[in-house]
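Please open the structure in your viewer and keep the selection panel at hand. The stops below go from one selection to the next, and each says what is to be found there.

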Amino acid sequence: MPQTGPVPTPSPAAVRATGLPGRARSWVWLALLLMLVAATLARVGDRLPARPGPETWEGSSVAAAVAASDARPGLRQALLTWSDLTEPWVLLAGLAALAVALVATGRRSRGALLLPVLGLLGWGLGTLVKLVVARPRPDEALYDASGYSYPSGHATGSTLAASLLVVLLWPLLGRAGRVLLVLLAGALAVLTGLDRVYLGVHYPLDVLAGVVLGGSVVALTLLTVPGLRPGRDQSSAAKRARARQ
């Protein structure tokens, strides 16, 4: 006869051993910290002038940048092309495709699939701050960009995509590859920020706020969710590849 009776309740020590409560706390802390970052950026944005005049450094910077690019048709076309290539959805879609390919081939474990999700989360936070602050775009814009100006969605998206790309590929590369990867990621973020100002669709502080937001999402995630750190999420194939280098 099977024994009947109350189902034994796991002890607190056994529950802690599974790691589930710890992971849950990590995600709660991450959510709270990201809300704090978003609220701080919104507070700063509310204090910025809606349309900085030519006597301000932001207004004069945009005017000078637009004049320089508008006087050079080749540069202007290159800026517009870069703008299309660095649309946040384009960068995050590319990151997602790469993550799926690496997981499917065993180069990264399934935890890597969370990285594109974090990118979407950061982009969503940036959109929320945009709606709260509602800062108009500069009058000098060289094309009709929709939406508000602060923070820059392109700057947020490129910083997120570049940083998450480093996290995704870090375990698969040697020292030289990692240095090159960081340099390329930094170039992507910097060039995208300059592109937004030279096209006149964002003020410099819009770009800076986007970089801060994107960088904060990635940095706070790595600090609060240890399982997503590059050295913690390696598949067996990735470990073998690193051992051969």
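Buried, as used throughout this tour, means under 20% relative accessible area, whereas exposed means over 50% and partly exposed lies in between, with a 1.4 Å probe and protein chains only. This is a predicted model, in which local features need pLDDT of at least 70 and side-chain atom pairs count only at pLDDT 80 or more, while totals for chains, interfaces and linings use all residues. Residues are numbered from 1 along each chain as its sequence is written, and side-chain values use heavy atoms, with hydrogens and water left out.

Of its 245 residues, 41% count as buried.

Next, select residues 114-133, which form helix H6; its 20 residues reach 29 Å from first to last C-alpha, close to the 28 Å expected at 1.5 Å a residue (the expected span being 1.5 Å times one less than the number of residues). Show the side chains here, and you will find that the buried positions of H6 include Leu-115, Leu-118, Leu-125, Val-129, Lys-130 and Val-133. Just after H6, stop at Ala-134, which takes a positive phi of about 55 degrees.

Now move to Tyr-150 and display its contacts, meaning heavy atoms within 4.5 Å. Leaving aside neighbours within four places in sequence, Tyr-150 is in contact with Val-129, Lys-130 and Val-133, and also with Leu-41, Val-44 and Leu-205, among others.

Which residues touch the most other members of the largest nonpolar core? In this core of 39 residues they are Tyr-150 and Leu-168, a nonpolar core being a set of buried Ala, Val, Leu, Ile, Met, Phe, Trp, Tyr and Cys residues joined through side-chain atoms within 4.5 Å. The elements that give two or more residues to this core are H2, H5 (88-104), H6, H7 (153-169), H8 (175-198) and H9 (204-224), and the largest share, eight residues, comes from H7. Apart from this core lies another, of twelve residues, among them Val-62, Val-201, Tyr-203 and Val-207.

Finally, select helix H2 (residues 20-46) and find Leu-32 within it. Is Leu-32 buried or partly exposed? Leu-32 counts as partly exposed because its relative accessibility is 45%.

Definitions and conventions
Helices (H or I, at least four residues) and strands (E, at least two) are DSSP runs, numbered from the N terminus.
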